[in-house]
Structures are given as structure tokens and as C-alpha cells.
Amino acid sequence: GEEQALAATVLTLLCLQMGSGPEGEEVFRSLKPLLITILIDSSASPVARQSCATALGMCCYIAAADMEDLVSCLVCLEGIFGTSCSKDASLAPSHHSPLLQILHCNALQSWSLLLTICPSTQIKKILDEHLPKLPLMLSSDNVNLRIVAGETIALLFELARDIEEDFFYEDTDLLRTKLKALATDSNKYRAKTDRRKQRSIFRDVLHYIENGECHEETIKFGLECMYVDSWARRRTYNAFKEALGSGVRHHLQNNELLR
């Protein structure tokens with residue numbers, strides 16, 4: 001299990017080094033079936049599945065050759081986190097083990113990363129199918145899953161508004177109520193750092209849903225700087241930062257893929 005997890009991480013770094021050219025595409029094409037096989041195998045090591053969920057998203061983002069690759073990865077990832085936004089009480093987020101919640105979190109992060117490269121026709125289908133379901137994940141007892149769900153909802157609103165400026169979501173009032181509760185959450189049974197992190201992010205999500213303004217972050221590297229001023233950029237930057245760790249600034253300066 002640990003070897004598989006490590007191999008998936010190495011594959012991500014390999015794709016990052018090779019970039020989006022023919023070499024990267026070839027590596028992804030040859031190893032994508034293996035990543036998917038481990039990811040959907042419920043008897044496989046949870047740690048390996050978590051790593052494969054992250055690798056599938058990153059490698060597809062970098063090296064997917066065509067729309068078919070992109071859609072097949074989206075569908076696979078939806079199948080993983082889907083039970084966390086099910087209306088079936090027995091499949092509710094609180095019924096999942098911590099390891100399964102991490103898997104769902106990684107799958108949702110990868111899925112949302114791939115949304116940033118989807119054409120508008122695909123985004124419209126995803127909005128119809130997933131925007132009504134994702135708010136159910138805000139009830140998870142896992143703080144990271146709640147946060148990723150909130151960020152993904154904000155990203156979907158952003159992508160929808162890019163397509164249609166006056167995009168209207170009929171359950172916005174109910175969604176705002178949920179987001180406000182999470183942005184002001186003072187439940188003592190939650191860890192203090194979790195509450196602080198959650199409140200900060202959900203304030204940003206709520207502000208964006210209500211006003212269409214995204215919190216801007218400035219990333220400095222060398223003598224240059226980059227502005228992370230949208231939910232799409234935020235998701236992309238965070239994905240690369242998670243993959244590269246402290247090396248992200250070096251890659252921002254020297255890796256053509258990130259530039």
C-alpha cells in the first residue's frame with residue numbers, strides 16, 4: 001500500500017517535470033488505467049487510493065491528451081466522493097471512516113482542479129448535476145471535507161458566472177444560511193484551529209457567493225510575484241503547492257508548465 005502511494009506521488013512529480021508535451025501525455029496514457037484500477041478498488045490500501053486520487057487529478061490536468069481523458073477522470077473521481085453528497089442517510093458523510101473521508105477529500109480536490117480546464121459545455125452539465133448535491137457535504141464531521149466542499153461550490157459559482165454573468169441558483173438562500181453557520185461556527189467540540197481555519201475560508205466563500213468578489217493573495221518568488229485572484233487560480237496554485245511543497249517557488253521561477 002505504501003509503495004503504491006509513493007509510486008503515485010512520484011508519477012505526479014514526473015508529469016510535472018515532463019510537462020504537457022508528448023512525453024507527459026505518453027506517461028499519463030500508459031499509467032492512467034493503473035491509477036484508476038487502484039482508486040476504484042475498495043479492497044486496496046486507503047493510503048494508496050488517496051495518493052492515486054491526487055495523482056489522477058494532477059496528471060490529467062497536466063497531460064490529458066483529449067476531452068475523452070478529461071471526462072473519464074472526472075467520472076471516476078465523482079464515483080469516489082459521490083457518497084459524501086448522497087441524500088441516503090446511511091451514506092451520509094458522518095458515517096464514513098476518517099481514512100475514507102480523506103480519500104473523498106482528495107478526490108474532490110482533484111475533481112475541482114479538473115473543472116478549471118473544462119469547456120463551458122461540460123461545466124453546464126456539471127452545474128446541473130452537482131451543484132444541488134455538493135452542499136450536503138457541508139454537513140460532514142471532517143473539517144477538511146467541509147472546507148474543500150465550500151471552496152468547490154465557490155469555484156462552480158465562479159465558472160457559472162463566467163458563462164452567464166447573471167447566473168441564478170434557486171437554492172442560494174438555503175446555501176447562504178449553511179455558509180453563514182460555518183463562517184461563524186463556535187462549536188466547542190471542534191478543535192480551535194479547525195474552527196479558525198473553517199471560519200476564515202467560509203467567510204471568503206460566503207462573500208464571493210453574495211458579492212462576486214474573491215479574496216486576493218500575492219505569491220512572491222524571486223523578484224517576481226503572482227496574483228491569486230480567483231477560485232480557479234486558488235485551486236490550481238494550491239494543487240501545485242501540495243505536490244511540490246517548499247519547491248513550489250523554485251518551479252514558479254523555472255518550470256515552463258507553471259509559468
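Helices (H or I, at least four residues) and strands (E, at least two) are DSSP runs, numbered from the N terminus. The model here is predicted: local features need pLDDT of at least 70, side-chain atom pairs count only at pLDDT 80 or more, and totals for chains, interfaces and linings use all residues. Residues are numbered from 1 along each chain as its sequence is written, and side-chain values use heavy atoms, with hydrogens and water left out.

**Exercise 1. The whole chain**

Find how many helices and strands the protein chain has, and in which pattern they follow.

*Solution.* Start with the count: the protein chain holds eleven helices and two strands. Next, read along the sequence, which gives α-α-α-α-α-α-α-α-α-β-β-α-α. Finally, look at burial, where buried means under 20% relative accessible area, exposed over 50% and partly exposed in between (1.4 Å probe, protein chains only). Of the 259 residues, 48% count as buried.

**Exercise 2. Helix α9**

Check the length of helix α9 (residues 192–211) and work out what its buried residues pack against.

*Solution.* The expected span of a helix is 1.5 Å times one less than its number of residues. With 20 residues, α9 should span 28 Å, and its end C-alpha atoms are 28 Å apart, so the two agree. Now turn to the buried residues of α9, which include Ile201, Phe202, Val205 and Leu206. The buried residues of α9 pack against α7 (143–163), α8 (172–183) and α10 (231–244), with contact meaning heavy atoms within 4.5 Å. Just after α9, Gly212 has a positive phi of about 75 degrees.

**Exercise 3. Arg49**

Locate Arg49 and decide what surrounds its side chain.

*Solution.* Leaving out residues up to four places away in sequence, Arg49 touches several others, among them Ile38, Leu39, Ile80, Leu100 and Leu103.
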